[in-house]
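Good morning, and thank you for the time on the agenda. I would like to take you through one model, going from a single residue to the chain as a whole.

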Amino acid sequence: MKLDGIASVENLDFDIPNRKLTVFHNGQIDQIEKSILELNLGGRKLKSERTDQTEFKEHTNQRRLLWAVLAINFAFFIIEMTTGLISKSMGLVADSLDMLADSFVYGISLLAVGGTLTRKKRIAKLAGYFQITLAVIGFVEVLRRFLGAEKLPDFTTMIFVSVLALIANGVCLHLLQKSKSKEEAHMKASMIFTSNDVIINLGVIVAGLMVNWLNSNKPDLIIGTIVFVLVIQGAIRILKLGK
């Protein structure tokens with residue numbers, strides 16, 4: 001994103017495990033190097049050489065894949081939000097916001113396919129502020145339920161919907177991992193978010209079992225609080241990217 005606006009940049013090739021970035025460009029090497037060093041990630045130029053590669057295909061398979069996982073995540077945002085409100089489960093409500101956060105990530109990733117776009121910075125900021133607003137509202141509701149005498153959430157709904165969400169995230173992770181472009185930065189980020197979702201789904205399932213075992217809504221409120229914190233942390237990272 002630091003290279004947005006540099007017209008000479010034609011394509012970026014990320015090697016995440018080895019922390020290497022290959023920049024295909026036409027001139028303005030000093031500006032490119034300066035922008036990367038400003039990230040303060042210990043970067044340094046390894047080498048610069050000419051290449052005969054001048055054409056870069058649009059990654060249509062990436063777009064199709066990202067649209068698929070975006071659709072799955074947004075659908076489960078609606079499902080979990082609806083069932084969470086009906087069953088009075090803050091765990092499901094929080095997980096639905098996490099699904100929505102992932103939808104934003106996949107949306108930003110879609111904009112990243114094929115190069116860099118200034119527009120994704122504005123979307124990153126919008127997504128970050130929206131997530132924080134929803135998470136704060138969630139925190140207020142958790143606090144109200146901690147202090148009040150609320151009915152127990154429907155633990156069967158919590159577990160059933162979370163199992164479905166777990167399967168959906170498993171499908172998304174499988175689709176992302178079999179992608180030929182899985183080592184690219186935005187695809188790698190998408191896999192990390194989805195892997196975290198699997199852990200959260202398991203947490204909500206455990207909370208549902210604990211609600212039934214302890215006959216208390218506290219496990220549901222605790223897992224809801226944890227997920228809201230994760231949503232806010234993710235939102236802050238997205239806001240930093242949007243600067």
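Predicted model: local features only at pLDDT ≥ 70, side-chain atom pairs only at ≥ 80, totals over all residues.

Please look at the loop between helix 6 and helix 7, where asparagine 215 lies. Asparagine 215 has a positive phi of about 55°, although it is not a glycine. As background, most residues other than glycine have a negative phi. With a relative accessibility of 58%, asparagine 215 counts as exposed.

Asparagine 40 is located in the loop between helix 1 and helix 2. Its phi is positive as well, at about 55°, and asparagine 40 is not a glycine either. The relative accessible area of asparagine 40 is 68%, so this residue counts as exposed.

Let me now step back to the overall architecture. The chain contains seven helices and two strands. Followed along the sequence, their order is β-β-α-α-α-α-α-α-α. Of the 243 residues in the chain, 41% are buried. If we take contacts between residues at least 6 apart in sequence, 72% of them join residues at least 24 apart. The chain exposes about 13900 Å², and carbon and sulfur atoms supply 62% of that area.

Which residues have the most contacts inside the largest nonpolar core? They are Val204, Val227 and Phe228, in a core of 23 residues. At least two residues of this core come from each of helix 2 (60-87), helix 3 (90-112), helix 4 (119-147), helix 5 (155-177), helix 6 (185-214) and helix 7 (218-241). Another core, of ten residues, lies apart from it; Leu70, Tyr106, Leu110 and Cys172 are among its members.

Leaving out residues up to four places away in sequence, phenylalanine 228 touches Met90, Ala94, Leu97, Ala135, Gly138, Phe139 and Val142.

Serine 96 is part of helix 3. Beyond neighbours up to four places away in sequence, serine 96 touches Phe77, Glu80 and Met81.

Aspartate 220 is placed in helix 7. Setting aside neighbours within four places in sequence, aspartate 220 contacts Lys88, Ser89, Met90, Gly91, Pro153, Met158, Ala207 and Val211.

That brings me to the charged pairs. In general, side chains of opposite charge can pair when their charged atoms come close. The structure holds five salt bridges.

One of them links glutamate 141 with arginine 145, with the closest N and O atoms 2.8 Å apart. These two residues are four residues apart in helix 4, so about one helical turn separates them. Glutamate 141 is partly exposed, with a relative accessible area of 23%, whereas arginine 145 counts as buried at 9%. Salt bridges with shared partners connect Glu141, Arg144 and Arg145 into one network.

A further salt bridge joins lysine 45 to glutamate 33, where the closest N and O atoms are 4.0 Å apart. Lysine 45 lies in the loop between helix 1 (29-37) and helix 2, and glutamate 33 lies in helix 1, so the pair ties together parts that are twelve residues apart in sequence. Lysine 45 counts as partly exposed at 45% relative accessibility, and glutamate 33 counts as partly exposed at 27%.

Finally, glutamate 49 forms a salt bridge with lysine 47, the closest N and O atoms being 3.7 Å apart. Both glutamate 49 and lysine 47 are exposed.

Thank you; I am glad to take questions.

Methods
Residues numbered from 1 in each chain as written. Heavy atoms only, no water. Core = buried A, V, L, I, M, F, W, Y, C linked by side-chain atoms within 4.5 Å. Buried < 20%, exposed > 50% of the residue type's maximum accessible area, 1.4 Å probe, protein only. Contact = heavy atoms within 4.5 Å. Salt bridge = Lys/Arg side-chain N within 4 Å of Asp/Glu carboxyl O. Areas by Shrake-Rupley, 256 points an atom, 1.4 Å probe, with all protein chains shown as cover.
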